[in-house]
Amino acid sequence: MSQEDTFKKIISHAKEYGFIFPGSEIYDGLSAVYDYGQLGAELKNNIKTYWWNSMVMLNENIVGIDSAIFMHPTVWKASGHVDAFNDPLIDNKDSKKRYRADVLIEEYIQKLEGKVDKEVSKAKKKFGDDFDETKFRETNPRVLKNLDKINGVLDRFRKAGEADDLAEIRQIIIDAEIACPVSGTKNWTDVRQFNLMFDTKIGSVDGDAATIYLRPETAQGIFVNYLNVQKTGRMNLPFGIAQIGKAFRNEIVARQFIFRMREFEQMEMQFFIQPGTEEKWFDTWKERRMKWHKTLGHDETLLRFHDHDKLAHYATAATDIEFNFPFGFKELEGIHSRTDFDLKQHQEFSGKKLQYYDNERNESYVPYVMETSIGLDRMFLSVLSAAYKEETIEKEDGKTDQRIVLKLPAALAPVQLAVLPLTKKDGLPDKARAIINDLKFEYKCHYEEKDSIGRRYRRQDAIGTPYAITIDHDTLEDDTVTLRDRDTMEQQRIKIDEIPQILKEKVSMTSLLKKL
Ligand code: ATP
């Protein structure tokens with residue numbers, strides 16, 4: 001199955017089972033806006049809890065806040081968003097489709113890289129154990145030609161970016177003969193800068209109304225509250241402030257489902273440190289954040305770091321944690337060493353001192369900042385796409401069957417335990433309800449009595465429920481139930497009073513957090 005087919009299947013599965021619906025669907029949807037359904041909201045909340053607790057509960061020196069979406073307009077002047085939060089856009093005159101010029105160029109480079117990789121794997125197959133990849137890359141003429149092209153475009157693109165030369169960016173697209181995927185033509189408009197912030201008016205009288213922005217990131221709410229939190233929380237460096245909240249960006253091309261949306265959620269943490277300790281903290285947070293992802297048990301090959309070669313003028317280091325989405329490796333989270341840039345900007349624009357008095361050093365200074373920034377929706381997509389599996393299973397009669405199963409990390413699953421009475425009679429439903437009534441304060445349980453047990457198991461597999469218990473007539477006699485494991489499909493007979501311990505060990509958020 002191609003990656004594209006897998007992606008389509010994941011999207012339709014997400015809709016069919018109530019994870020994600022297109023926004024305003026009965027009005028034919030709204031571009032790049034999605035709603036989380038009954039199961040999606042649960043999964044999303046569990047991801048939030050995993051992030052929030054890992055930051056705020058497990059670290060004495062990290063606290064959480066919840067700041068407003070609307071902020072004083074000068075915040076976005078100070079942060080640089082008014083002047084520089086732009087993407088270069090270009091239109092194809094024939095299809096009238098709009099693209100991000102930088103993305104067109106990046107996709108072109110990726111295509112060339114794909115060609116190089118193909119040559120390498122072809123040669124690897126041909127030469128087997130004797131294959132020397134480094135030498136091949138340095139000498140093969142076809143590889144060299146493509147690498148030359150890649151380096152040439154990258155070099156021009158970097159210089160054009162630094163000089164803000166939009167005409168040159170257009171020329172790169174023309175010279176590389178990049179065609180519009182819809183019309184197939186190379187009939188391009190000029191490149192223009194487009195600011196990604198949504199604006200609106202605050203105030204009831206038109207004349208008095210001031211333009212304000214919907215925040216394009218949550219981080220600024222943390223920076224402007226730095227001093228409030230430091231003083232009222234009596235925080236000493238190093239300390240962090242975490243926040244989860246909505247952000248809005250008028251993305252030029254919002255594609256790829258919930259990967260790039262116009263309204264999305266971020267989970268950001270700014271860690272305030274002594275200047276001079278940034279290298280140590282950058283490495284620490286890189287490692288901690290990667291561990292957070294890996295603790296979910298994904299296949300290791302799905303995650304990688306991508307260090308930035310080109311840094312913002314104020315940054316000392318930056319890396320992305322990339323995830324292998326069904327459409328390839330893309331940014332999932334950013335880790336940035338931002339020096340004292342943000343606080344100093346706010347100090348200058350607000351005229352208020354944003355300093356820290358360091359008792360040890362006996363001096364005041366503006367702290368440095370280490371930032372970890374992850375999109376909640378992208379995290380949701382990474383978890384969902386890693387979990388989606390189509391399996392062929394052997395049946396007892398020797399025939400085979402297919403199942404779709406979401407192998408979600410158990411603690412994140414929207415439903416954690418399915419409770420299934422074998423029949424609707426003989427007091428079995430009452431027994432099932434009694435079990436749920438004991439567990440429902442800590443775990444999301446799902447009661448189902450319709451259809452055969454096999455079909456009910458399939459439905460639970462499709463929504464990722466890690467365990468199901470079946471209540472049968474023996475249960476009434478000896479208080480035992482059959483526990484079925486989603487992944488192995490193995491069944492075992494256990495005592496009802498063993499269930500809480502099993503859930504605590506295998507399904508609880510605590511069990512996941514303890515692995516960190
Ligand atoms: P990209 O290069 O993909 O546009 P970015 O570098 O602009 O992302 P940041 O500004 O660093 O992203 O934002 C931090 C995180 O917020 C990203 O790593 C991503 O997970 C998430 N994010 C950013 N833009 C969007 C969006 N339009 N939809 C969903 N998530 C987003």
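In this predicted model, an oxygen atom of the ligand is 2.9 Å from an N or O atom in the side chain of arginine 249, a polar contact, meaning a pair of N or O atoms within 3.5 Å. Local features need pLDDT of at least 70, side-chain atom pairs count only at pLDDT 80 or more, and totals for chains, interfaces and linings use all residues of this predicted model. Residues are numbered from 1 along each chain as its sequence is written, and side-chain values use heavy atoms, with hydrogens and water left out.

**The ligand and its surroundings**

- The ligand is surrounded by 14 residues, and the closest are Glu251, Arg260, Met261, Glu331 and Leu332; a residue counts as near if one of its heavy atoms lies within 4 Å.

**Histidine 13**

- Histidine 13 has its place in helix α1 (residues 3–16), where a helix is a DSSP run of H or I with at least four residues.
- Histidine 13 counts as buried because its relative accessibility is 4%, and buried means under 20% relative accessible area (1.4 Å probe, protein chains only).
- A polar atom of the side chain of histidine 13 lies 2.7 Å from the backbone oxygen of alanine 462.

Methods. Helices (H or I, at least four residues) and strands (E, at least two) are DSSP runs, numbered from the N terminus. Buried means under 20% relative accessible area, exposed over 50%, partly exposed in between (1.4 Å probe, protein chains only). A polar contact is a pair of N or O atoms within 3.5 Å; within protein, one must be able to donate a hydrogen and the other to accept it, and residues adjacent in sequence count only if both atoms are side-chain atoms.
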